Amino acid sequence: MGTEKEDLFSSMPEKKAVLTLAVPTVISQVITVIYNMADTFFVGQLDDPNQVAAATLAMPLFMVMTAFANLFGIGGASLISRSLGANDREKASHCSSFCIWTAIAAAFIYGVSVLIFLPALLPVLGTNDGTWEYSSEYIFWTIGIGAVPTVLNPELAHLVRSEGYSKQASLGVAFGGILNMGLDPLFIFTFKMEIMGAAIATMISNTAAVVYFFCFIYKIRNVSTITMSPKLYTLEDHIPGEVLAVGLPSFIISMMATISNTVLNNIISTYSNEAVAGMGIAKKIDLMAFAIAQGMTQGTLPLIGYNYTSGNRTRMMSVIKTLLYACLVISLSGMTILLLTAAPITRLFIDNAETVQYGRTFLRIICLACPTTAVNFFVITVFQATGKKIQPIILSLLRKGTVDVPLMFLFDHLMGISGIAWATPAADMVALVVSGALVIPYLKKLRMGQVELR
């Protein structure tokens, strides 16, 4: 890490440091959401709810790849930043090699497994005669063929960001996103490949982003600890355990979200494919506010971790305070915008009255969870950045796939289809209460110097 990057972590004014790291991360997260939305948007222009529903039903399998990227990306970023704070560059290099190559292996095995078991997986996802073929085509290209680049793209962004290269990390993600938005209409409409074209565009875009990151890592090889060298791959020095322990909460968040979305899609598919398409559109739009809060927290994680291990308690607490305020302001603003614009935004995606009506209703309900989600992510990030293991896991389990699942069935029974959407803000409120109970005393101990900084 160069002197400029060391200044960013150790001496730059806290607010400026947070903005320097977080703003590019937020931008990259927003662009990621936009290009994820691009598939839904351009497929929606076909005015076929079955194809929009098919992409929605495939999402749980796609989220497993996000889980792997977060497991090795966030877990690795935390350990690298803490190692640099402790001036242990060798461990940081071993960590990066371990994270990259283990992620490649995990993604490859997952992609092959999905191809093998796809006929058995499709009914579990909630497909029917109208969505089976479309879902199969979409999954084949985005996961079966594209698993490795899809995992590596966000993972490498996390690792590069851990050394302060936030702008470059964001540029890589943005490059893939912009390319995807350009390729989508080409493959979907010009080549008349419809939803399969959207899937191929996504796979190509992620591959191109990975090539960018490989080139950047090679460029900074003389000053960086980020390396792909197989010679530095190791299972020693507690690296696997530390990476997996810190990354596990983020992995669990994505995996539990996979379970949650699978249950959600199965319940909604009993109503109609239009309802599934409407929920898919609503959740994609809501991801925008979610991504901004996640970008703020993930971008600031290395800054907290570095000052935690370097022993700079005052700077660390100032960064945490700044991050909390930013999360609250941004998430409340996002919720307000979505509440006011739910109908016209939903209508942009598809010209189908029934689908638009479902999407508008679902979006107005789901967006109420924006503030609670942002604070929950803030709390998880504080614990991850300081190397805590148990608290993030508890909070990760509460957000999705546990509390919200029984609430979906209960609210569906009590309120009908809109009740399914109400399970999201209700479950997040439960998680918020637990988050407060865990983090408030911990922050007090950090401020009073009752927690050993290491």
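Buried means under 20% relative accessible area, exposed means over 50%, and partly exposed lies in between, using a 1.4 Å probe and protein chains only. This is a predicted model, in which local features need pLDDT of at least 70, side-chain atom pairs count only at pLDDT 80 or more, and totals for chains, interfaces and linings use all residues. Residues are numbered from 1 along each chain as its sequence is written, and side-chain values use heavy atoms, with hydrogens and water left out.

**Stop 1: two loop residues**

Select lysine 192. At 68% relative accessibility, lysine 192 counts as exposed. This lysine lies in the loop between helix H7 (166-190) and helix H8 (194-219). Helices here are DSSP runs of H or I with at least four residues, strands are E runs of at least two, and numbering starts from the N terminus. Check the backbone: phi of lysine 192 is near 55 degrees, a positive value in a residue other than glycine.

Now go to histidine 238, in the loop between H8 and H9. Histidine 238 is also a non-glycine residue with positive phi, near 60 degrees. Its relative accessible area is 62%, so histidine 238 is exposed.

**Stop 2**

Two packed helices are described by the angle between their axes and the distance between the axes. The axes are lines fitted to C-alpha atoms, for helices over the stretch in contact, and angles run from 0 to 180 degrees between N-to-C directions.

Select helix H9 (residues 239-268) and helix H10 (residues 273-310). They pack at about 145 degrees, with axes 9 Å apart. The crossing is right-handed. That term applies if the near helix is turned clockwise from the far one by less than a right angle; anticlockwise is left-handed.

Show side chains. Asn261, Leu264, Asn265 and Ile268 in H9 meet Ala275, Val276, Met279 and Lys283 in H10. Contact means heavy atoms within 4.5 Å. By class, this contact has five nonpolar, two polar and one charged residues. Ala, Val, Leu, Ile, Met, Phe, Trp, Tyr, Cys and Pro count as nonpolar, Asp, Glu, Lys and Arg as charged, and the others, Gly among them, as polar.

**Stop 3: H11 against H13**

Move to helix H11 (residues 313-349) and helix H13 (residues 370-385). Their angle is about 155 degrees and their axes are 8 Å apart. That makes H11 roughly antiparallel to H13. Angles over 145 degrees get that label; under 35 is roughly parallel, 65 to 115 roughly perpendicular and the rest oblique. H11 and H13 cross in a right-handed way.

On the H11 side, pick residues including Ile320, Leu324, Leu328 and Met335. On the H13 side, the partners include Pro371, Val375, Phe378 and Val382. The contact of H11 with H13 has 14 nonpolar residues, one polar and no charged.

**Stop 4: H4 against H6**

Select H4 and helix H6 (residues 147-161). The angle is about 155 degrees, with the axes 8 Å apart. H4 is therefore roughly antiparallel to H6. The crossing of H4 and H6 is right-handed. Among the H4 residues in this contact are Cys99, Ile100, Ala103 and Phe108. Val148, Val151, Leu152 and Glu155 are among those in H6. The classes come to 12 nonpolar, two polar and one charged.

**Stop 5: aromatic rings**

A pair of aromatic rings is described by the distance of the centres and the angle of the planes. Rings of Phe, Tyr and Trp (its six-membered ring) pair if their centres lie within 6.5 Å; planes under 30 degrees apart are stacked, over 60 edge-to-face and the rest tilted. The count comes to 15 aromatic pairs.

Start with phenylalanine 41 and phenylalanine 42, an edge-to-face pair at 5.2 Å centre to centre, with 80 degrees between the planes. Phenylalanine 41 is partly exposed at 30%, while phenylalanine 42 is buried at 17%.

Next, select phenylalanine 72 and phenylalanine 98. Their edge-to-face pair has 6.4 Å between centres and 70 degrees between planes. Phenylalanine 72 lies in helix H3 (residues 49-85) and phenylalanine 98 in helix H4 (residues 89-125), so the pair ties together parts 26 residues apart in sequence. Both phenylalanine 72 and phenylalanine 98 are buried.

Last, show Phe41, Phe42, Phe189 and Phe349 together: they form one aromatic cluster.
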